[in-house]
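The notes follow the order in which I checked things.

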Amino acid sequence: MDSAEIPDSGHRPPPPTGRALPFTIKLKPLYLLSILVLLLAISFSISKTHYHKKLILRLSISPHTYFLKKLLTLLRPTTLNTSKNPIHTTPYCVLWMAPFLSGGGYSSEAWSYILALSEHSLKKDSIFSLKIEQHGDLENLEFWEGLPLEMRNLAIELHQTECRLNETVVVCHSEPGAWYPPLFDTIPCPPIGYNGHFKAVIGRTMFETDRVNAEHVKRCNLLDFVWVPTDFHVKSFTQSGVDPLKIVKIVQPVDLEFFDPLKYEPLELGSIGNLVMGSSLNGSNMGKQFVFLSIFKWEYRKGWDVLLRSYLREFSGGDDVALHLLTNPYHSDRDFGNKIVEYVEDSDLEEPRDGWARVYVIDEHIAQVDMPRLYKAANGFVLPSRGEGWGRPIVEAMAMELPVIATNWSGPTEFMTEENSYPLPVDRMSEVTEGPFKGHLWAEPCVAKLQMLMRHVIRNHEEAKAKGRRARDDMMGRFSPEVVAGIVSDHIKHIIDQRL
């Protein structure tokens with residue numbers, strides 16, 4: 001988009017302020033009949049296929065296919081509760097637009113807010129109802145099917161909430177490139193641009209580097225408020241040029257009832273991981289090894305190279321230790337095992353006399369309902385990232401009472417302390433050399449210190465366990481759903497009160 005372009009330029013006139021969301025279209029009877037015939041063909045010919053499941057997923061909480069969803073619901077059996085909301089008596093509405101179906105970081109964060117606010121509204125009278133719409137990323141069928149049934153039911157229920165324009169606060173929960181007008185193919189947020197017909201428009205976003213680029217600063221300043229998760233972001237957004245009066249720190253909740261170590265038995269790691277470095281162990285010996293877990297998408301920012309270098313320098317095949325990596329592609333293929341082997345072969349690392357320490361890759365999808373069991377199977381969590389917006393796997397590991405080693409920079413500085421974790425020092429700042437954030441700076445974690453901390457955690461098991469317990473206590477005190485839902489609700493109420 002040209003820097004001088006006005007965001008609403010060329011956009012159709014907005015509907016009257018009393019009009020309800022979603023915005024449906026009027027269709028001629030013949031066109032409706034054609035659509036019905038097409039859907040019947042789909043239902044009877046490919047009702048069991050992956051494509052059909054994907055179509056249903058897109059229709060589940062998609063804002064532009066309301067009438068299609070109604071027809072398709074009649075054509076398919078379902079175990080989901082698709083009943084409409086009861087009549088809402090709350091005078092206002094919050095339309096939360098986010099990548100609820102993607103399974104990525106923004107998706108997980110958006111779900112954490114929606115679950116917290118839904119539970120909060122049951123305990124305390126709320127002046128607003130909730131509506132959700134898919135926005136900002138692609139749909140992931142595996143992620144949707146891996147959600148607990150009650151979450152899927154809630155998604156469909158909240159999607160059916162009706163809102164009036166002039167009574168609605170819109171939350172655009174995504175990276176700013178997805179906001180109106182979007183820089184890529186996605187449903188725009190806010191849906192009709194910045195015409196002043198909504199009560200307010202809020203952006204929820206974050207960055208993993210030391211700054212925000214100029215285009216995103218411009219987009220942030222078009223909104224009424226910008227929610228960021230940490231003090232780190234308040235500073236970096238302000239220094240980048242975002243109006244400080246618009247910036248509000250809203251921390252992220254973690255579901256402490258779901259991520260509760262007392263509720264779960266460990267996941268059997270031997271059945272899901274592929275050994276890519278080191279020699280295999282028999283079943284009896286596998287239970288004796290110290291397990292480090294790391295969870296990340298496969299990109300340079302996540303510091304997988306720092307982790308492998310530190311781990312393979314510090315440990316060998318004679319150590320009772322294993323590193324399990326749960327990863328997924330990020331603009332790459334899934335051949336993670338060969339990528340790791342190639343990295344080691346091209347490095348200056350030398351194989352110890354008793355062989356490499358064991359490294360396992362988990363590259364299959366782990367359903368959300370099984371994630372607590374995965375954390376439960378580990379003895380420690382490690383992520384030497386170069387930059388994090390928040391660091392959701394870190395927080396989840398802390399909620400599960402795992403001792404955590406993670407880089408002491410960017411998002412995690414909001415919740416990691418010397419008392420509840422092992423903050424990893426930064427050697428220096430380095431420049432991003434490629435991609436949309438080329439020229440920005442991020443952290444280079446200290447390899448030698450990471451070696452020392454991993455060995456320290458193994459040797460000081462009781463200290464590490466105590467830090468894990470303190471970590472969960474801190475999560476409960478500052479980031480529980482109840483605490484964060486109260487913060488969000490209070491801010492939304494403040495916005496509404498100011499604009500009466």
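**Whole chain.** I note at the outset that this is a predicted model. I looked up the secondary structure and found 16 helices and 17 strands. I then asked what share of the 500 residues is buried. Buried residues make up 55% of them. For contacts with a separation of 6 or more, I found that 76% are between residues 24 or more positions apart.

**Salt bridges, total.** I recalled that side chains of opposite charge can pair when their charged atoms come close. I looked up how many salt bridges the structure holds, and the count is 25.

**Arginine 204 and glutamate 109.** The closest N and O atoms of this salt bridge are 2.6 Å apart. I checked where the partners sit: arginine 204 is in strand S6, residues 200–204, and glutamate 109 is in helix H4, residues 105–123. They are 95 residues apart, so I logged the pair as a link between distant parts of the chain. Are the two partners buried or exposed? Arginine 204 has a relative accessible area of 0% and counts as buried because the cut-off is under 20%. Glutamate 109 is likewise buried, with a relative accessible area of 0%.

**Glutamate 133 and lysine 131.** I found a salt bridge here with 3.5 Å between the closest N and O atoms. Both glutamate 133 and lysine 131 are buried.

**Aspartate 348 and arginine 309.** This salt bridge has its closest N and O atoms 2.8 Å apart. I placed aspartate 348 in the loop between helix H11 (336–346) and strand S12 (358–362). Arginine 309 lies in helix H10, residues 304–314. With 39 residues separating the partners, this pair also links distant parts of the chain. I then looked up accessibility for each partner. Aspartate 348 counts as exposed because its relative accessibility of 55% is over the 50% cut-off. Arginine 309 has a relative accessible area of 18%, which is under 20%, and therefore counts as buried.

Key: Residues numbered from 1 in each chain as written. Predicted model: local features only at pLDDT ≥ 70, side-chain atom pairs only at ≥ 80, totals over all residues. Heavy atoms only, no water. Helix = DSSP H or I, 4+ residues; strand = E, 2+ residues; numbered from the N terminus. Buried < 20%, exposed > 50% of the residue type's maximum accessible area, 1.4 Å probe, protein only. Contact = heavy atoms within 4.5 Å. Salt bridge = Lys/Arg side-chain N within 4 Å of Asp/Glu carboxyl O.
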